[in-house]
Amino acid sequence: MLAIEPWIPFIVATMLFACMPGPAILYMTAQTLAHGRKAGVMAALGIHVGCYVHIIAAAVGLAAILEHLPGLYAAIRLLGAAYLVWLGVSMLLGRAQAGDHAIAGNGRAIFRQSVVVEMLNPKTALFFLTFLPQFVNPLAGMPVGLQFLGLGMIVNLALSMADLAAVGLASLVSRHLLRHGAGNRVLPAVSGSVLIGLGVMLVWPPM
């Protein structure tokens, strides 16, 4: 079993991280503004699923490679940034339509995009690699790998709850703009700009 003592600081730290606006929340906000609430939920689900790749990698020790191979880290970071910029430019060029009605044929695509976005985010891998070990007890009866998985799942669920709250708030803003006739013009521009900005954030300033 996991020791009792680390649970209180672990829960407090997890909730603090969940409440801090980050790239994932901005990404899902952009998807919600561009496509509506259902798209935001699909984006949140995709981010959630993609996050498990990093949790499993941390559990088996693969994420440590990013610490010792800075070239690989930089390559993944640039690839993820380019993907976000491409999504943002697509929105600015009008390939994405605003409103819930547009999600009918795009739900699966947004889910796949979101999984890829999270998988190509090496900062998530480093987060789990540096955060989870603080609460893992090598002397506990449970294997360290299972402790990583269990703690990672808790963190991922907490982050996803915060992400869904952000989606709900962005949905309210989106509906307000659409009711006033500005959504079709403003939302794609704002959403595309946010995604491009996120891509720039991944590579600047350099880590």
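**Entry 1: Leucine 159**

Which residues does leucine 159 touch, not counting residues up to four places away in sequence? I found that leucine 159 touches Phe17 and Ala18, where contact means heavy atoms within 4.5 Å. I looked at a predicted model, in which local features need pLDDT of at least 70 and side-chain atom pairs count only at pLDDT 80 or more, whereas totals for chains, interfaces and linings use all residues. Residues are numbered from 1 along each chain as its sequence is written, and side-chain values use heavy atoms, with hydrogens and water left out.

I located leucine 159 in helix H8. Helices (H or I, at least four residues) and strands (E, at least two) are DSSP runs, numbered from the N terminus. Leucine 159 counts as partly exposed because its relative accessible area is 21%; buried means under 20%, exposed over 50%, and partly exposed in between (1.4 Å probe, protein chains only). I also noted that leucine 159 and methionine 15 are 144 residues apart in sequence, yet 8.1 Å apart in space, C-alpha to C-alpha.

**Entry 2: Other residues of H8**

I read helix H8 as residues 144–179, with valine 173 in it. Valine 173 is partly exposed, at 40% relative accessibility.

Is asparagine 156 buried or exposed? It is buried, because its relative accessible area is 2%. Leaving aside neighbours within four places in sequence, I listed His48, Cys51, Tyr52 and Ile55 as its contacts.

**Entry 3: Glutamate 118**

I placed glutamate 118 in helix H6, which covers residues 107–119. With 7% relative accessibility, glutamate 118 counts as buried. Beyond residues up to four places away in sequence, glutamate 118 touches Ile47, Gly50, Cys51, His54 and Thr124.

**Entry 4: The whole protein**

I counted nine helices and zero strands. Of the 207 residues, 44% count as buried. Of the contacts with a separation of 6 or more, 83% are between residues 24 or more positions apart. The accessible surface is about 10,700 Å², and 75% of this belongs to carbon and sulfur atoms; accessible areas come from the Shrake-Rupley method with a 1.4 Å probe, and for residues only the protein chains shown count as cover.

**Entry 5: Nonpolar cores**

A nonpolar core is a set of buried Ala, Val, Leu, Ile, Met, Phe, Trp, Tyr and Cys residues joined through side-chain atoms within 4.5 Å. The largest has 16 residues, and those with the most contacts inside it are Tyr27, Met28, Leu84, Val117 and Leu195. The elements that give two or more residues to this core are H2 (23–35), H3 (37–60), H5 (70–92), H6 and H9 (183–203). Apart from this core lies another, of 15 residues, among them Ala58, Phe131, Phe135 and Val136.

**Entry 6: Helix H3**

How many residues does H3 have, and what should they span? The 24 residues of H3 should span 34 Å at 1.5 Å a residue, and this agrees with the 35 Å between its end C-alpha atoms. The expected span is 1.5 Å times one less than the number of residues. Glycine 61 follows H3 and has a positive phi, near 90 degrees.
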